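Biologist: I'm new to this structure, so please pick a single part and take me through it slowly, then show me how it sits among its surroundings.

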Amino acid sequence: MGTGRVCGGGTLSRPLSSSSSSPHLSAPPGPPTETASTSVTDTVNGSHHLKIDGYSLLKGMGIGKYTASDTFTVGGYDWAIYFYPDGKSLEDGATYVSLFIALASEGTDVRALFELTLLDQSGKERHKVHSHFGRTLESGPYTLKYRGSMWGYKRFFRRTALETSEYLKDDCLLVNCSVGVVRSRTEGPKVYTIAVPPPNIAQHFGQLLESGKGNDISFEVDGEIFNAHKLVLAARSPVFRAQLFGPMKDSNSHCIKIEDMEAPVFKALLHFIYWDSLPDMEEFTGLNAKCASTLMAQHLLAAADCYALDRLKLLCEVKLCEDVAINTVATTLALAEQHHCFQLKSVCLKFVALPENLRAVMQTEGFEYLKVSCPSILTELLQYVARIGENSAVSNVCANDALDGCDTTGRRVKPRI
């Protein structure tokens, strides 16, 4: 009978046969392992709309000179549209207008699909379209080698035909550009599909405010009483935290009177603290006028700064940047200066400094308030006015340089025709 042998690891080996001629035993092989993955190549798409207002004033600016759109981002790269009212090539002698899309950020061998569309403004939708999308690509997507590379048409439209067409209306052209940046990725097999809902903690806190359950603090604002929860306020605002729990907390910690703030503004402030979003400005003001919404955003920005609610302050700054107007910009500019909103301040200064806006803004009541409350801002405003004049002069000299068929290093770029 065979004997067992103890291995070095302390486990027993298989029994040894008494016959040396017995065959070696082994487990049967299992089924082969199979795996799979998928390489997916598709496009990240985006579009930009360019309105060219004052076409007749652009004529005669010179062959190779252009007006450009603002930059826009698609697929992680910046792009810009370039319109040449007198054409891009000297050999065409200003017979055609030229239209191009250019890579405006750093990138090497960026592969993309493009579509340039001049919109028919008659309502007949007979648009002039040049597109990579929706057709067979014999040589694949177009490749842009580096920043400043362009794709487009030197002879996009004959000028005489354009000026008598329905593409030109009220001295205005409408251009749409679509970009599809080619991206590749590898996908492995998924063994589960679990739908995870988005976070909803803000909804829970907002419902807590609306229910009134567990209130332990009240505020009197302009004759109105607002109830809230100390812990929520302290968690959201360091100012409330110091006021309610700090060593200098109010002795009357059950009802606090708020000075220098209107009731709708404090209500909107509480809405953000609990819901983490801006309220409906029209609902809170009871008015549907744009100026009323702007006024609420101005007051709310000041309140956000007072209570150190940085996200609310930025949201108000974004809204005020979007709603810059003649009758409110001076007051907004003063607020931006007083509360250190540097991007909002820059947007307001640029708007006021435009020749077509400056005179009208100076006649508003807000401008008188600006002069009294922030006199130093007038010096910066004069600098912006001077800068606009300088840029206007320089643009006529440099318009044929950096991105007119070249990148920023001066290398020539040969556009596709």
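Modeller: Let's start at the end of the helix: just after α10, His340 takes a positive phi of about 60°. Before going on, note that this is a predicted model, where local features need pLDDT of at least 70 and side-chain atom pairs count only at pLDDT 80 or more, while totals for chains, interfaces and linings use all residues. Residues are numbered from 1 along each chain as its sequence is written, and side-chain values use heavy atoms, with hydrogens and water left out.

Of its 417 residues, 39% count as buried. Here buried means under 20% relative accessible area, exposed means over 50%, and partly exposed is in between, using a 1.4 Å probe and protein chains only. Among contacts between residues at least 6 apart in sequence, 68% join residues at least 24 apart; a contact means heavy atoms within 4.5 Å.

Back to our helix. α10 is mostly covered, with 7 of its 10 residues buried. The buried ones are Val329, Ala330, Thr332, Leu333, Ala334, Leu335 and Ala336.

What does α10 pack against? One partner is helix α13: the axes of α10 (residues 329-338) and α13 (residues 365-373) come within 7 Å and cross at roughly 25°. These axes are lines fitted to C-alpha atoms, for helices over the stretch in contact, with angles running from 0 to 180 degrees between N-to-C directions. The two helices are therefore roughly parallel to each other (angles under 35 degrees count as roughly parallel, over 145 as roughly antiparallel, 65 to 115 as roughly perpendicular, and the rest as oblique). From α10, the contact uses Ala330, Thr331, Leu333, Ala334 and Gln338, and from α13 it uses Gly366, Phe367, Tyr369, Leu370 and Ser373. Sorted by class, that makes 6 nonpolar, 4 polar and no charged residues. For this sorting, Ala, Val, Leu, Ile, Met, Phe, Trp, Tyr, Cys and Pro are nonpolar, Asp, Glu, Lys and Arg are charged, and the others, Gly among them, are polar.

Now look at the other end of α10. Thr328 lies in the loop between α9 and α10. Thr328 counts as buried because its relative accessibility is 11%. Setting aside neighbours within four places in sequence, Thr328 is in contact with Thr294, Gln298 and Asp323.

Gln298 is worth a stop of its own. This residue sits in helix α8 (residues 290-306), and at 5% relative accessibility Gln298 counts as buried. Beyond its neighbours within four places in sequence, Gln298 is in contact with Leu320, Thr328, Thr331, Thr332 and Leu335.

Glu317 and Leu320 lead us to another pair of helices. Helix α9 (residues 310-322) packs with helix α11 (residues 342-353) at an angle of about 10°, their axes 9 Å apart. That makes α9 roughly parallel to α11. Glu317, Leu320 and Cys321 of α9 make the contact with Phe342, Gln343, Leu344 and Val347 of α11. By class, there are 5 nonpolar, 1 polar and 1 charged residues in the contact of α9 with α11.

With a relative accessibility of 11%, Asn357 counts as buried. Leaving out neighbours within four places in sequence, Asn357 is in contact with Ile326, Phe351 and Val352.

Finally, a glance at the nonpolar cores elsewhere in the chain. A nonpolar core is a set of buried Ala, Val, Leu, Ile, Met, Phe, Trp, Tyr and Cys residues joined through side-chain atoms within 4.5 Å. In the largest one, of 55 residues, Phe219, Leu233, Phe266 and Leu269 touch the most other members. Helix α6 (residues 263-275) gives the largest share of this core, 9 residues. Apart from it lies another core, of 32 residues, including Leu50, Ile81, Val110 and Leu162.

Note on methods. Helices (H or I, at least four residues) and strands (E, at least two) are DSSP runs, numbered from the N terminus.
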